[in-house]
Amino acid sequence: MVCIIIRGMNRIYQVVGIVGTGAMGQGIAQLAAQAGSTVKLFDLQTAAIHKAEADIASQWDKLVTKGRLDSATADSYKARLTAAGSLSDLADCDLVIEAVVERLDVKQALFAELESVVSPQAVLVTNTSSLSVTAIAAKLQCPQRFAGYHFFNPVPLMKVVEVIAGLKTDADVCTQLSIYAKQMGHTAVVAQDTPGFIVNHAGRGYGTEALRIVSESIADFATIDRILRDHAGFKLGPFELMDLTALDVSHPVMESIYRQYYDEARYRPSVITAQRLAGGMLGRKTGEGFYKYDSGVMQVAPEAPAPEVAEMPPIWVSPRASRRSELLQLLKDLGAKIETGASASPQALMLVAPLGFDITTVAVVERLDPARTIGIDMLIDDAATKRRVLATNPATRTDMRDAAHALFARDGKAVSVIRDSGGFVTQRVVATIVNIASDICQQSICSPKDLETAVTLGLGYPLGPLAMGDRYGPTNILEVLFNMQTVYGDQRYRPSPWLRRRGAIGLSLMHEES
């Protein structure tokens with residue numbers, strides 16, 4: 001078989017076939033029709049095709065009701081949807097997009113059959129989120145016209161699509177798919193065929209690191225979610241997010257990427273999600289996950305108020321504390337009595353602010369009384385956060401913990417007090433995210449620009465991961481990782497060469513070598 005790659009022009013896909021009419025297939029079909037293509041829907045279940053037509057039409061009707069679309073345009077979109085009775089009905093398609101079950105054997109068999117149906121000029125693509133594009137194309141006679149085209153759910157709202165070339169994909173195929181994505185109103189990002197591509201790969205750090213924090217009994221689910229929302233600025237905490245996406249979706253992705261990278265420590269999943277998946281505690285859709293849900297509403301116990309302290313001890317700040325001048329100014333603003341001596345008095349509460357190290361290690365190295373030592377996370381400028389995070393060590397006295405909590409809550413800002421942890425919560429999660437993103441760039445999986453675009457659009461982070469690293473300082477992130485690797489002895493925290501080199505010389509993580 002000889003396939004024909006159309007080159008050097010903005011190809012218009014006049015007729016597009018969609019195989020698989022679930023939520024993903026419906027969303028892609030909606031966009032394709034809106035882009036001006038005739039769309040043929042095929043599913044093994046005929047009833048599913050008719051349901052998909054009705055569901056897509058309903059989406060356009062809702063837009064008309066909201067005044068975001070006029071009736072004539074909606075009718076023109078509906079007229080472009082047709083049902084295909086068999087795969088043979090897709091023979092005149094310029095492009096066929098598959099959105100069926102995530103099984104390699106099923107996809108390979110489907111595309112082998114499609115290849116015998118469509119013309120030599122037609123492009124075949126998979127919407128796979130976790131399987132190798134090269135592996136799916138392995139049994140095709142013309143893998144040059146095959147690519148990955150990964151949309152995100154809900155497709156009309158998630159404005160990014162990953163365009164993935166297999167090892168034999170012709171470059172012009174990806175170029176034309178990127179142009180078509182723009183016609184559909186989406187932003188295309190180009191990725192190599194690697195496990196997780198860009199978004200699912202870059203997203204490994206958020207949930208898996210939060211799960212490790214829980215597994216160390218540092219804080220509970222709700223506390224970690226509050227910290228990462230209010231202190232680090234994420235829209236949803238990791239456990240809220242996993243409840244929303246459901247563990248029957250998120251946990252297999254964790255395992256798949258971990259195994260495909262031959263048990264790379266950076267992507268190690270957690271027994272916590274494996275157990276909950278086995279127990280059917282999947283999240284919102286089952287009424288219980290990391291939280292319980294009543295009529296779809298998450299049930300969360302309110303935070304306990306800050307303790308009342310009759311007499312506040314003086315405060316002594318370690319000379320080695322990160323952002324020490326800012327911390328001293330904050331203490332002045334809160335009305336604290338600050339000691340300025342080289343060492344603390346016997347009555348003083350001692351504050352440390354390490355990067356990556358735990359409070360216990362700092363107390364031992366600096367020869368501080370651990371019973372009176374408390375840590376505060378100063379990675380992020382206090383003015384930029386809605387919450388402060390303190391950490392005790394195993395020997396911290398209750399009165400010192402309560403005094404620190406009460407002091408830092410004086411101005412009404414929320415305060416979380418956690419158990420001892422290398423890197424608190426924010427430091428270790430942010431550093432893990434930045435490190436994985438840096439390694440994506442090091443591997444040339446995509447460009448730094450496409451990485452930032454994919455993550456901000458696909459994951460909704462407050463910043464792209466490289467911009468996040470630049471904001472908090474590549475050198476600081478590097479220090480967090482080095483020190484966490486010392487505390488935990490885990491290769492998970494080894495810095496990527498991309499981050500290590502740029503952090504060492506103070507260079508932006510967005511900088512590409514010439």
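Reader: Which residues is Lys40 in contact with, leaving aside its neighbours within four places in sequence?
Author: In this predicted model, Lys40 is in contact with Val15, Val16, Gly17, Ile18, Thr82, Ala84, Asp89, Leu90, Asp92 and Cys93 once those neighbours are left aside, where contact means heavy atoms within 4.5 Å. Residues are numbered from 1 along each chain as its sequence is written. Because the model is predicted, local features need pLDDT of at least 70 and side-chain atom pairs count only at pLDDT 80 or more, while totals for chains, interfaces and linings use all residues; side-chain values use heavy atoms, with hydrogens and water left out.

Reader: Where is Lys40 placed, and is the residue buried or exposed?
Author: Lys40 is in strand β2, residues 38-42; helices (H or I, at least four residues) and strands (E, at least two) are DSSP runs numbered from the N terminus. Its relative accessibility is 17%, so Lys40 counts as buried, the cut-offs being under 20% relative accessible area for buried, over 50% for exposed and partly exposed in between, with a 1.4 Å probe and protein chains only.

Reader: What does the side chain of Lys40 reach?
Author: The side chain of Lys40 reaches the backbone oxygen of Asp89 at 2.9 Å, and a polar contact of 2.8 Å joins the side chains of Lys40 and Asp92. A polar contact is a pair of N or O atoms within 3.5 Å; within protein, one must be able to donate a hydrogen and the other to accept it, and residues adjacent in sequence count only if both atoms are side-chain atoms.

Reader: Switching to the open sheet of six strands, what is the order?
Author: The order is β12-β11-β13-β14-β15-β16, with mixed pairing, and two strands pair if DSSP finds at least two bridges between them. The edge strands are β12 (338-339) and β16 (414-418), each pairing on one side only.

Reader: And how do β11 and β12 pair?
Author: Strand β11 (residues 315-317) pairs with β12 in the parallel sense over two bridges, and Trp316 stands opposite Glu339 in β12.

Reader: What covers the buried residues of α15?
Author: The cover includes β11, α13 (324-333), β13 (349-352), β14 (373-376), β15 (387-391) and β16. The buried residues of helix α15 (residues 398-408) are Met400, Ala403, Ala404, His405, Ala406, Leu407 and Phe408.

Reader: Which residues touch the most other members in the largest nonpolar core?
Author: Of its 102 residues, those are Leu114, Ile224, Phe239, Phe290, Ile418 and Leu451, and helix α16 (residues 426-442) gives the most to this core, with nine residues. A nonpolar core is a set of buried Ala, Val, Leu, Ile, Met, Phe, Trp, Tyr and Cys residues joined through side-chain atoms within 4.5 Å. Apart from this core lies another, of 37 residues, among them Ile49, Leu69, Ala147 and Val161.

Reader: How many aromatic pairs are there?
Author: The count comes to twelve, with rings of Phe, Tyr and Trp (its six-membered ring) pairing if their centres lie within 6.5 Å, and with planes under 30 degrees apart counted as stacked, over 60 as edge-to-face and the rest as tilted. One of them is the edge-to-face pair of Tyr149 and Phe151, 5.1 Å centre to centre with 80° between the planes. Tyr149 is buried at a relative accessible area of 0%, and Phe151 is buried at 1%.
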